[in-house]
Amino acid sequence: MTKLLIDAGNVCAAFHDEKVRNVPSSKVQCDEIWSFSYAKAKNVRFAKSALLDSGDVWTWTGIDADSKLIVSWHVGDRSMSTGTAFMGDLKARLAHRVQLTTDGHRAYLGAVSEVDFDADYAMLNKIFATDYAGPGRYSPPKCIGAVKQTIMGNPDPEHINTSFAERQNLTMRMSMRRFTRLTNAFSKKFENHCHALALYFFSNFCRVHKTLGATPAMASGLCDHVMRMADCVALIDAANPVPAVRGPYKNVKMLKFQAETLPPNNSETGSQQTAPTTEMVAARICQSRSTTGLGVRGPDICKSNPSAQIFRFPGSRISREPCSVCGTPISPMLFGSSGGHRMKQGGCLTAIGRSRPRRVRIG
């Protein structure tokens, strides 16, 4: 499942980066939403194996107030450097000058100035109550007012708000379990958190907005039809082609041994290579074992059938005639036990017509 999330996150992020360009927006609202990876910032120092990117994670989003399209999103901390990267990406995706509205976070001021954002910029500074505090209270304080402040250009006072951005934050918390508070469903790795966000923002092309009657991408003119998750699967398949079918299994050891055992071709006489006989295989095995120092116990003589020579060594049984006890032909297998012939410690355990195997000691 994790690999599927990674593949889906990669293709969705690349698809958003490619398609969401030259957005004909007139009003953009920006906000950031909090989450954490592995542990909260205050608990990272007590964590057993926290990664370097563990702690608080902030997702910066810019939404078109008319089409409800997520124009840009960025994941990082809440510093000005992250805000500058977010504003630079947002600026590059817009087609013309817009009215920009943010909350009172001071990082926006420096970020907008740093990237030279050409917009009618205003901030909405919210006023929160201070008498709400109680022991163990987790919910945010109550908003009792807001002050509109013009920063740059000539923004329309009627459209200075962040209501759509705040509603988008609520939708994210309700749609993704990773953002749910007071649960153990938080992200354990920062990369997986980003992949989940990329997959969520693919809903720009899939989810039909009830008020608009179309997807945000269709309302912005970026797409002419409602996309499905099957399209996401097709993108994953295109980015990860199916590997070629593997050929037949080849016993590398067998091929190598045959190449060393078979006599070379004689181009002058036109003689061809012939299959190795049992004597050639046995002699070659004995030679290789004695050379490498592994040792060979054999050839041993079966007491029941003196004409049958059995070469014993780990992993092989070779004989010129069938076993005198069970009558099973012992094929000259080079690596592995002979088919249908059970042998253990030099004795035949395949006794026909007996409830208990008869063991015949060899050698």
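1. Phe 117 has contacts (heavy atoms within 4.5 Å) with Met 87, Leu 90, Lys 91, Leu 94, Val 98, Leu 100, Val 112 and Met 152, leaving aside its neighbours within four places in sequence. The model is a predicted one, in which local features need pLDDT of at least 70 and side-chain atom pairs count only at pLDDT 80 or more, while totals for chains, interfaces and linings use all residues. Residues are numbered from 1 along each chain as its sequence is written, and side-chain values use heavy atoms, with hydrogens and water left out.

2. Phe 117 also belongs to the largest nonpolar core, which has 54 residues. Such a core is a set of buried Ala, Val, Leu, Ile, Met, Phe, Trp, Tyr and Cys residues joined through side-chain atoms within 4.5 Å. Buried means under 20% relative accessible area, exposed means over 50%, and partly exposed lies in between, with a 1.4 Å probe and protein chains only. The members that touch the most other members are Cys 30, Met 87, Leu 90, Leu 100, Phe 117, Met 172 and Leu 197. Helix 5 (residues 190-201) supplies the largest share of this core, six residues. In soluble globular proteins, nonpolar side chains tend to be buried together.

3. On the chain as a whole, the secondary structure comes to nine helices and eleven strands. These are DSSP runs numbered from the N terminus, helices being H or I with at least four residues and strands being E with at least two. Of the 363 residues in the protein chain, 40% are buried. Among contacts with a separation of 6 or more, 53% are between residues 24 or more positions apart.

4. Helix 3 (residues 107-114) has Ala 107, Tyr 108, Gly 110, Ala 111 and Val 112 buried. The buried residues of helix 3 pack against strand 1, strand 2 (55-64), helix 2 (80-93), strand 4 (98-103), strand 5 and strand 6 (143-152). Asp 116, which follows helix 3, has a positive phi, near 55°.

5. Strand 3 (residues 70-76) is largely enclosed by the rest of the structure, because six of its seven residues are buried. Strand 2 and strand 3 pair in the antiparallel sense over six bridges, where pairing requires that DSSP find at least two bridges between the two strands. Trp 73 in strand 3 is the bridge partner of Thr 61.

6. His 16 is in helix 1. The residue is buried, with a relative accessible area of 6%. Leaving aside neighbours within four places in sequence, His 16 is in contact with Ile 70, Val 71, Ser 72, Trp 73, Arg 93 and Asn 204.

7. Most residues other than glycine have a negative phi. Lys 68, in the loop between strand 2 and strand 3, has a positive phi near 60°. That hairpin has five residues between the strands, and Lys 68 is buried at 17% relative accessible area. Asn 22, in the loop between helix 1 (2-19) and strand 1, has a positive phi of about 55°. Asn 22 counts as exposed, at 56% relative accessibility.

8. The largest pocket holds about 710 Å³ of space. Of its 21 lining residues, Glu 32, Phe 128, Pro 140, Glu 166 and Arg 181 are the closest to its centre. Strand 1 (27-37), strand 5 (119-128) and helix 4 (163-175) are the elements that give two or more residues to this lining, and strand 1 gives the most, with four. A pocket is an open set of points on a 1 Å grid over the protein atoms alone, where a 1.4 Å probe fits, with protein on both sides within 12 Å along at least five of seven lines; lining residues have an atom within 4 Å of a point. Grid points are joined across faces, edges and corners, and the volume is the space filled by probe spheres set on the points.

9. The lining of the largest pocket divides into eight nonpolar, four polar and nine charged residues. Here Ala, Val, Leu, Ile, Met, Phe, Trp, Tyr, Cys and Pro count as nonpolar, Asp, Glu, Lys and Arg as charged, and the others, Gly among them, as polar.

10. The second largest pocket holds about 380 Å³ of space. Lys 68, Gln 168, Thr 171, Arg 207 and His 209 are the closest to its centre among the 16 residues that line the pocket. Helix 4 and helix 5 are the elements giving two or more residues to this lining, and helix 4 gives the most, with four. The lining of the second largest pocket divides into seven nonpolar, five polar and four charged residues.
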